[in-house]
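Hi,

Here is the model I promised to pass on. Have a look around it yourself, then read my notes below.

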Amino acid sequence: MKVIKIDKTEWTKGLDALRGDYRLFGPVKEKEYCNFKELAKGESPELDMPNTRLSPKSLVFPQSEAMMAYSLAPGEDQNICKEVPKDYSPRAILGIRPCDAKAMVLVHMNFDNGDYQDPYWLNLYNASTFVGQACDKPCGTCFCTSAGSGPYNEQGLDVLLSDQGDHYLAKVLTEKGQKLMAAAGWKSEADGQALAGKKTAAETAITSQVSTDRLKSLDTMELHGADFWEDISFSCINCGTCTFVCPTCWCFDIQDEVYGKRGVRTRNWDSCMFPIFSVHTTGHNPRGTKLQRLRQRFMHKLKYFVDKYDQGIMCVGCGRCVQQCPVNIDIRKVCETMNSLDSEKFCAVQQGK
Amino acid sequence: MENPYLPYPVRIDDIIVESEDRNLKTFKFVFLNPEDEKKFAYRAGQFAELSIAGKGEIPIGIASSPVEKGFIKFTVNKAGVVTSHLHNMQVGDVMGVRGPLGNSYPWNMLEGKNVLIVGGGFAFTTLRSSIIYMLDPANRPKFGDISVVYGARNPGMLLYKDELVEWEKRDDIHMHITVDGTDDPDWKYNVGFVPPITEQKAPQGDENSFAIVCGPPIMIKFTQPVLEKLGYDHDHIILSLENRMKCGIGMCGRCGIGRELVCKDGPVFTLKQINQTPREY
Amino acid sequence: MKNLLEHMGIEEGRLHFSWISSAESTKFVKVVSEISEKVKAIGPNQHFVKQEAKVA
Amino acid sequence: MIAYTEKIRETAQRLLKQCQVEMVIGFRAGSMPMMNEPCFIRKPEDAGQLVWDSNCGINLANYLTDRKEGKIGIVAKGCDSRNIVTHILENKIKREQLVIIGVPCQGMIDKRRITRKAPGEILEVIEADGQVTVKTATDAQTYAKADVMQSNCMVCKHRNPVVHDEMVADPVPEQTDVDPYEDVKAIEAMTSEEKWKYFDELLAPCIRCYACRNACPLCYCPTCFVDEAKPQWMGKSQDPMDVRTFHFLRAYHCAGRCTDCGACERACPVGINMRTLTKKLNKDCLDLYGWEAGLSLDSRPALDIYNPNDPNEFIK
């Protein structure tokens with residue numbers, strides 16, 4: 001597809017033009033951290049940042065979302081759930097990083113699972129045009145290149161922007177992207193040669209890696225029963241930080257809330273780290289200990305998902321959980337430990353590496 | 001896009017108290033919109049989310065059978081927030097049903113085979129659905145011998161008593177009803193736990209026989225070796241699992257046992273399949 | 001509890017505690033009247049009220 | 001710090017070798033700058049994993065709740081030891097089960113404070129002689145450690161363990177010229193409207209991951225009030241009222257028990273200083289009852305006892 005040169009002087013003008021057709025979302029600095037927010041009029045996305053503190057998953061999967069509403073008052077509609085109005089007008093997601101866009105591709109497989117389609121997630125996803133920004137300055141915790149993504153990865157993006165100093169080079173990847181570029185009035189075609197060099201440089205700058213080659217062939221039950229889980233899970237405090245900051249974690253809870261004679265059925269993010277996630281009404285909990293819950297998280301990401309979809313691990317290497325885990329449980333270390341089961345059983349853990 | 005979270009509105013048509021402790025009631029629902037009944041085409045062994053506005057949803061096995069038309073039935077144990085509320089509802093009240101959900105008993109595989117049904121307690125619901133389905137005149141020729149071992153704590157806790165009596169009388173189904181204990185001197189059926197009764201009464205297994213087991217975990221645990229002894233292979237032992245669920249359609253993530261989701265890939269699995277999962281149910 | 005609520009921005013005088021025996025009817029009337037006066041003077045409560053969850 | 005580490009390893013090894021303990025709970029080196037990971041050691045030969053520096057801010061008392069081992073060694077700085085005392089008083093662990101390896105503490109580094117100051121991604125943080133050197137790809141900056149400590153450490157008056165069986169060093173001098181409640185007083189001086197707004201803004205970033213609750217050694221309830229379903233006490237959404245209810249009630253559950261160890265603030269992924277709530281309660285407990293949590297095994301917590309002289313002007 002085409003490569004378009006966007007002079008930085010034309011950037012805000014283009015954004016203003018886009019506002020006619022799209023709601024704009026992008027990273028905004030609030031207090032200490034950048035997070036994805038709807039851009040106010042005249043506001044530009046903060047593109048020069050390491051990455052947002054929270055992943056952009058909330059753009060298509062809000063942490064709390066109304067699913068349906070109902071009346072509890074006597075009448076014809078009493079107790080009948082009805083859909084609630086939603087705004088699925090076109091949205092432009094500006095400055096999403098390739099890892100996070102790839103994460104949406106993985107999550108898509110869950111919300112469109114062949115038998116059922118989740119209308120809330122899919123409608124928002126389909127309404128969005130993803131304008132990604134390539135990462136030229138990856139962090140020490142980034143391991144996207146070994147997690148099925150990369151700083152210039154194009155999966156899940158409609159446009160990929162690369163910062164070239166005084167201008168951006170925009171690689172248009174889809175029809176949707178094409179349409180957005182036209183709406184913004186960015187049209188001066190350029191050759192994309194500069195992109196290849198930058199891509200290689202960015203990939204080389206990624207110093208952190210995980211090995212995933214053996215995960216698929218390893219036996220599920222053997223991994224599940226491995227004795228390293230006690231060591232890995234000891235420090236875990238079972239908070240939901242890793243799951244909430246993760247761009248590929250999609251688990252949710254459904255809750256009814258009543259206000260007088262009306263009620264709303266809402267869904268909220270949930271976390272496999274929380275004991276109530278899996279507890280039965282009888283009080284029996286199949287994952288009642290923190291070891292079981294932590295194991296579920298890593299086994300899901302690094303084994304069950306791998307087996308189920310054959311699309312690699314359910315992790316894009318964004319490094320958020322590594323940076324934000326309060327007790328420094330590092331998925332890279334866990335992945336290595338799992339991947340090297342048997343051959344180097346325990347070495348890595350026992351030496352504290 | 002169809003919204004799979006949106007329940008079909010139904011009216012409670014009848015409520016039957018099934019057990020003497022009054023904790024088990026069967027609810028008969030009629031769809032408010034007749035076209036919804038067509039969309040709710042189900043197989044025996046599937047479940048649905050019963051949805052009560054303001055309270056939430058609860059996954060319950062479908063107790064009625066696909067051959068019964070015009071209504072659906074669920075037998076519900078009073079336990080949590082939603083089921084307690086449901087038990088207080090009245091005939092005529094409107095609520096929601098979402099489904100059918102999950103796979104079912106593997107009817108294609110079971111055709112032409114002998115079927116042994118082992119059930120305990122209130123998990124008998126989808127088994128009732130299955131028995132009615134198999135005994136339907138149109139379906140009965142498709143199956144070989146049908147045997148049933150069904151147990152409850154005491155005679156007062158047995159579900160669907162009228163039907164049990166009827167099935168007892170038939171000669172195309174072998175009923176072995178049992179209770180853990182009773183002080184009723186007129187009790188004319190078995191006394192004992194399900195596993196030993198199964199061992200005494202159930203037919204031997206072979207490649208033409210399948211066993212469907214549904215009951216509390218403890219019963220399943222002790223029935224498994226009995227079935228093995230009787231000659232049922234692990235891929236001929238069929239179990240229906242329960243796990244905490246919310247969405248029922250394979251999305252919310254909580255009911256996973258390894259890569260399988262109990263709500264969508266199950267709830268029915270062969271023992272052979274379950275052996276390959278971490279059994280987190 | 002009172003201190004912490006007021007620390008978070010609930011107005012002083014909105015939360016009251018009292019210890020009244022079932023036999024102390026006059027005290028009960030007195031306390032309730034006093035409290036109603038005070039709370040009326042502060043006006044309707046605006047905080048810690050959830051009309052409906054603000055969710056997407 | 002290196003001396004501390006060596007002494008901790010030596011002690012842990014000795015305790016394990018002599019079978020005085022089944023396990024030692026301490027810290028091992030983390031995979032990131034300014035992070036160490038809580039860990040347990042069961043074999044004497046593994047004691048070398050243990051480390052000590054100014055990145056051991058997680059409160060290890062959290063890992064003692066209802067532990068079944070007969071004998072546990074635990075590395076404890078001042079605040080950890082106060083929470084161990086609280087745990088013992090609240091029957092979450094027995095004193096006889098513990099061999100407490102006391103560490104006189106000189107304050108923990110505030111990861112966020114340093115990250116804010118650094119011009120880029122921090123690659124390495126080195127501390128020596130009261131100085132902290134922060135290296136990024138492009139430069140290196142040195143700060144006085146006193147300027148980059150966790151804010152609770154800056155005003156800490158109990159750096160030395162209050163209870164211990166071993167000590168890895170001589171006690172450090174306690175800070176005396178600090179006012180622990182300056183920030184609380186600033187809020188107290190606000191009008192109700194200002195206070196409401198202050199907490200609105202403070203709690204706005206909360207994602208209800210419950211890291212604050214779970215990092216807190218006091219929050220050991222088997223089922224937290226936010227998770228309770230029968231009855232359900234509060235909403236589970238991101239509604240600001242639900243978020244505030246959670247923080248308000250959690251703080252209240254810590255009244256008279258909180259040692260201001262800072263674990264909640266440190267654990268928060270979005271940088272909320274929820275200590276402004278717990279500290280208010282600490283201040284009230286000190287002002288009203290002269291009580292500070294976890295200083296002695298011999299006295300019951302302020303809200304655990306009745307005294308006819310308790311101030312009661314709030315009751316009409």
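Some housekeeping. This is a predicted model, where local features need pLDDT of at least 70, side-chain atom pairs count only at pLDDT 80 or more, and totals for chains, interfaces and linings use all residues. Residues are numbered from 1 along each chain as its sequence is written, while chains are lettered from A and ligands numbered from 1 in the order in which they are written.

**Chain D**

Let's stay with chain D. Along the principal axes, its C-alpha atoms fill a box of roughly 60 × 50 × 45 Å. The radius of gyration is taken over C-alpha atoms, and the globule rule is 2.2 Å times the number of residues to the power 0.38. For 316 residues a compact globule would come out near 20 Å, so the 20 Å of chain D agrees.

Chain D is split into domain 1 (1–107 + 158–176), domain 2 (111–148) and domain 3 (179–316); such bounds come from an automatic or database domain assignment. The centres of domain 2 of chain D and domain 3 of chain D, taken over C-alpha atoms, are separated by 31 Å.

There is also a helix pair to look at in chain D. Helix α6 (residues 192–203) and helix α8 (residues 240–253) of chain D pack at an angle of about 95°, with axes 10 Å apart. Axes here are lines fitted to C-alpha atoms, for helices over the stretch in contact, and angles run from 0 to 180 degrees between N-to-C directions. Angles under 35 degrees count as roughly parallel, over 145 as roughly antiparallel, 65 to 115 as roughly perpendicular and the rest as oblique. So α6(D) and α8(D) are roughly perpendicular to each other.

Which residues meet there? On α6(D) they are F199(D), D200(D) and L203(D), and on α8(D) they are P240(D), V243(D), R244(D) and H247(D). Two residues are in contact if their C-beta atoms, placed from the backbone, lie within 7 Å. By class, this contact of α6(D) with α8(D) has four nonpolar residues, one polar and two charged. For the classes, Ala, Val, Leu, Ile, Met, Phe, Trp, Tyr, Cys and Pro count as nonpolar, Asp, Glu, Lys and Arg as charged, and the others, Gly among them, as polar.

**Chain B**

Now compare a helix pair in chain B. Helix α6 (residues 194–201) and helix α7 (residues 217–230) of chain B pack at about 20°, their axes 8 Å apart. That is why α6(B) and α7(B) count as roughly parallel. From α6(B), V194(B), P195(B), T198(B) and E199(B) meet M219(B), F222(B), T223(B), V226(B) and K229(B) of α7(B). Five nonpolar, two polar and two charged residues make up the contact of α6(B) with α7(B).

**Chain A**

Chain A has twelve helices and eleven strands, and its C-alpha trace spans about 65 × 60 × 40 Å along its principal axes. With 353 residues, a compact globule would have a radius of gyration near 20 Å, so the 22 Å of chain A agrees.

Two domains are assigned in chain A: domain 1 (3–53 + 84–205) and domain 2 (220–350). Their C-alpha centres lie 28 Å apart. Contacts between them involve 18 residues of domain 1 of chain A and 16 residues of domain 2 of chain A.

**Between chains**

How many residues does chain A put into its contact with chain B? It puts in 40, against 36 from chain B. The largest share of the chain A side, five residues, comes from β10(A). Chains C and D also touch, with 21 residues from chain C and 22 from chain D. Helix α1 (residues 2–7) of chain C gives the most to the chain C side, with four residues.

Most residues other than glycine have a negative phi, and most peptide bonds are trans. Now for some exceptions:

- The peptide bond from G99(B) to P100(B) is cis, with omega near -5°, and P100(B) lies in strand β6 (residues 94–101) of chain B.
- Another cis peptide bond joins G266(B) and P267(B), with omega about 5°.
- N328(A) is not a glycine, yet has a positive phi of about 65°; look for N328(A) in the loop between α10 (320–324) and α11 (331–339) of chain A.

Cheers

Notes: Helix = DSSP H or I, 4+ residues; strand = E, 2+ residues; numbered from the N terminus.
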